[in-house]
Amino acid sequence: MQKDAKAKRISLNALIGSIMTKYAEMDRYDERYDTITLKQESFSSILQLIEDDKLAEVAGKLGSLIPKQFLFFWFKKADLETFLRYLSLVCRYNGFGEYEVDIDDAGRTYTITLIHNMGEKWSIFLRNWLEQGMKTTAGIIPKIDISKNTLVARFHVS
């Protein structure tokens, strides 16, 4: 662990703290839900074999089920705030992508940006997963634009 801390240019205590935080925020829940881990290259290769419409269908089904289950388990409620917290966690720990949310000064217009290196198929998956996840947990249907390695979702709350 000392070698890893030195390579990351952090103290051993900081490394241990980050390991404990990851366990508390994600790993203990992943263990309960039979989560598997794949190299991005392997997962991306599998995605390339799936037709876009089938991928969108599966992503939509997963988006309508899994986020809501996790929100009720982790946070005991499903709303926009808890969905954004969940999105932050799956991006940080499960490799969904780099995540950023911008909220306008009035606190009513949101822009979510996800950047990843998994290609257009992953963008297609994320679009449908995010759309259905937000719809079922927060009652919001965002406008989503995708490109090869980026997703941008925009929505307005009253």
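Biologist: Let's start with Glu57: buried or exposed, or something in between?
Modeller: Glu57 is partly exposed, because its relative accessible area is 41%. Buried means under 20% relative accessible area, exposed means over 50%, and partly exposed is in between, using a 1.4 Å probe and protein chains only.

Biologist: Before we go on, what kind of model is this?
Modeller: It is a predicted model, where local features need pLDDT of at least 70 and side-chain atom pairs count only at pLDDT 80 or more, while totals for chains, interfaces and linings use all residues. Residues are numbered from 1 along each chain as its sequence is written, and side-chain values use heavy atoms, leaving out hydrogens and water.

Biologist: Thanks! Back to Glu57, then: which residue does it form a salt bridge with?
Modeller: Its partner is Lys61, and the closest N and O atoms are 3.3 Å apart. A salt bridge here is a side-chain nitrogen of Lys or Arg within 4 Å of a carboxyl oxygen of Asp or Glu.

Biologist: Where do Lys61 and Glu57 lie?
Modeller: Both lie in helix α4, 4 residues apart, which is about one turn of the helix. Helices are DSSP runs of H or I with at least four residues, strands are runs of E with at least two, and both are numbered from the N terminus.

Biologist: Why would such side chains pair up at all?
Modeller: Side chains of opposite charge can pair when their charged atoms come close.

Biologist: How many salt bridges does the structure hold?
Modeller: There are 6. One of them joins Asp52 and Lys121, with the closest N and O atoms 2.6 Å apart. That pair links distant parts of the chain, since Asp52 is in helix α4 and Lys121 in helix α6, 69 residues apart.

Biologist: And are those two buried or exposed?
Modeller: Lys121 is buried, because its relative accessible area is 13%. Asp52 counts as partly exposed at 39%.

Biologist: How do α4 and α6 pack?
Modeller: Helix α4 (residues 52-75) and helix α6 (residues 120-138) pack at an angle of about 40°, with their axes 7 Å apart. That makes α4 oblique to α6. Angles under 35 degrees count as roughly parallel, over 145 as roughly antiparallel, 65 to 115 as roughly perpendicular, and the rest as oblique.

Biologist: New topic: which residues have a positive phi without being glycine?
Modeller: Arg9 is one of them, with phi of about 60°. Arg9 sits in the loop between α1 (2-8) and α2, and is exposed, with a relative accessible area of 79%. Lys76 is another, with phi near 70°. Lys76 lies in the loop between α4 and α5 (80-94), and is exposed as well, at 62%.

Biologist: What about Leu15, buried or exposed?
Modeller: Leu15 is buried, with a relative accessible area of 5%. Leu15 is found in helix α2.

Biologist: And where is Ile16?
Modeller: Ile16 is in helix α2 too, which covers residues 12-32. Ile16 counts as partly exposed, because its relative accessibility is 34%.

Terms used
Axes are lines fitted to C-alpha atoms, for helices over the stretch in contact, and angles run from 0 to 180 degrees between N-to-C directions.
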